[in-house]
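Student: I would like to learn how to read a model of this kind. Could we go through it feature by feature?

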Protein chains: 2
Amino acid sequence: MNQDSTRRETGAGPATGAKGEGVNPLRLDLQLCFALYGASNRVTRLYRSLLAPLGLTYPQYLVMLALWETAPRSVGELGQALDLDSGTLTPLLKRLEAQRLVDRARDPRDERRVIISLTLKGAALREKAQPIPGEVVCRLGGDLGELGALREALGALQQRLDAAQTSDKTSGS
Amino acid sequence: MNQDSTRRETGAGPATGAKGEGVNPLRLDLQLCFALYGASNRVTRLYRSLLAPLGLTYPQYLVMLALWETAPRSVGELGQALDLDSGTLTPLLKRLEAQRLVDRARDPRDERRVIISLTLKGAALREKAQPIPGEVVCRLGGDLGELGALREALGALQQRLDAAQTSDKTSGS
DNA sequence: GCAAGATAAATTGTACACAATTTAATTGCT
DNA sequence: AGCAATTAAATTGTGTACAATTTATCTTGC
């Protein structure tokens, strides 16, 4: 009857099998990084509908948040704040400029640098963005303490991820 | 001397200012979702160097992990397992096929479906991937309990994100 | 049996991410 | 001053993500 025995449980026998509950680091990691990946994709998806009325994507919204806190800023400073490089930021900022939300101009003191500043329209958009964070927290539900704890844990993890990355480059064979 | 007073603290005064510690949901959310975004990007970056010897990207590695657990599977089943749609999976799977790690074939029972199966090479790659999760956990350091708790919290958050998303579509004005 | 609707992938178009390279400007060093 | 090394953005090329549409197949109601 089970003609569909073609579908194999491809190995993983000893790892998955008999009460592999305990603490199997191999599977644990998979799940942590995968959970991170999935949660991040979901966040982007959730914001998509909230940000559509503002004409922003989630990364664009993050850039605007950074600028609403401090502007003007150079591309490099923005990149440091958001952990993104110029390859990501340059085209993103050009799209914000095309929407007349920001201005891009060479720093007269150092022509290598490009200074990003808010236009009046960009500064004004802040009002329309105001209700969004509350809306997200509301939709997520749950108590704030839990969300705060999660944020803390993620911050600690980020530091470890950064360390893991640099030790990689430093100790080149 | 401070001629650079051009740089404004763009509003946010009361929010950022005097011991805004308490519990300001607006800023909290920003930081949680942003932390998620940053952590996910960092994970992808960390895996990049680890996976380069295998010729895989992180999403490709996730697909292979799913297949190493259960194969063959349809594109739709993979999408459900990884929370990705055919627009993302189809080109990714074609690249894996080009590397001769998987085979793609129409399901003879239902010609709409495409069945992804592992080639011998694809199944064999599992051995080379074996040490990777341990390496990641090792580099992250910290105790396993902490990482496990974080994974748990992320799982709960994902459910809330899914709920927030569906309630969005359901209750269209 | 067959047309209408439902499903599964593929395709199209837009927007990230990021490594690697290129271009332009500044710093250091002599 | 003059030139090598450094730095800041931009560019190039690859690979996701995902909404919206299209194509092909399947399922139903009649």
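The dialogue below takes the elements, the sheet, the chain contact, the core and the DNA surfaces in turn.

Student: What should I know before starting?

Tutor: This is a predicted model, in which local features need pLDDT of at least 70, side-chain atom pairs count only at pLDDT 80 or more, and totals for chains, interfaces and linings use all residues. Residues are numbered from 1 along each chain as its sequence is written, while chains are lettered from A and ligands numbered from 1 in the order in which they are written.

Student: How many helices and strands does chain A have?

Tutor: Helices (H or I, at least four residues) and strands (E, at least two) are DSSP runs, numbered from the N terminus. Chain A has 8 helices and 5 strands. Read from the N terminus, their order is β-α-α-α-β-β-α-α-β-β-α-α-α.

Student: Which strands of chain A form the open sheet, and in what order?

Tutor: Two strands pair if DSSP finds at least two bridges between them. In chain A, the open sheet of 3 strands has the order β3-β5-β4, with antiparallel pairing. β3 and β4 of chain A are at the edges with a single partner strand each, so one side of each has no neighbour in the sheet. Strand β3 (residues 73-74) of chain A is joined to β5(A) over 2 bridges, and A:Ser74 has A:Ile115 as its bridge partner in β5(A). Strand β4 (residues 102-107) of chain A pairs with β5(A) over 6 bridges. A:Asp107 faces A:Asp110 in β5(A), and a hairpin of 2 residues links β4(A) to β5(A).

Student: How are chains A and B related?

Tutor: Copies are superposed by least squares on the C-alpha atoms of residues with pLDDT of at least 70 in both. Here a rotation of 180° with 0.0 Å of shift along its axis places chain B on chain A, with an RMSD of 0.0 Å. The two copies are therefore related as by a two-fold rotation axis.

Student: How many residues does each chain give to the contact?

Tutor: Two residues are in contact if their C-beta atoms, placed from the backbone, lie within 7 Å. The contact takes 65 residues from chain B and 65 residues from chain A. On the side of chain B that touches chain A, α2(B) gives the largest share, 21 residues. By class, that side has 35 nonpolar, 16 polar and 14 charged residues. For these classes, Ala, Val, Leu, Ile, Met, Phe, Trp, Tyr, Cys and Pro count as nonpolar, Asp, Glu, Lys and Arg as charged, and the others, Gly among them, as polar. Of the interface residues of chain B, 100% are also interface residues in chain A, so the copies meet through the same surface.

Student: Where do nonpolar side chains tend to be in soluble globular proteins?

Tutor: In such proteins they tend to be buried together. A residue is buried if 20 or more other C-beta atoms lie within 10 Å of its own, exposed if 12 or fewer, and partly exposed in between, with C-beta atoms placed from the backbone. A nonpolar core is a set of buried Ala, Val, Leu, Ile, Met, Phe, Trp, Tyr and Cys residues joined through C-beta atoms within 7 Å. In this model the largest nonpolar core has 77 residues, and those with the most contacts inside it include A:Cys33, A:Leu36, B:Cys33 and B:Leu36. The largest share of this core, 12 residues, comes from α2(A). Leaving out residues up to four places away in sequence, B:Leu36 touches A:Ala39, A:Ser40, A:Val43 and A:Leu154.

Student: Is B:Arg109 buried or exposed?

Tutor: B:Arg109 is exposed, with 8 other C-beta atoms within 10 Å. B:Arg109 sits in the loop between β4 (102-107) and β5 of chain B.

Student: Which residues come nearest to DNA strand D?

Tutor: A residue is near a strand if its C-beta atom, placed from the backbone, lies within 6 Å of it. Of the 27 residues around DNA strand D, the nearest are A:Ser74, A:Gly76, A:Gly87, B:Gly87 and B:Glu111. α5(B) gives the most to this surface, with 5 residues. The surface near DNA strand D has 6 nonpolar, 11 polar and 10 charged residues.

Student: And which are closest to DNA strand C?

Tutor: DNA strand C is surrounded by 26 residues, with A:Gly87, A:Glu111, B:Ser74, B:Gly76 and B:Gly87 the closest. That surface divides into 5 nonpolar, 11 polar and 10 charged residues.
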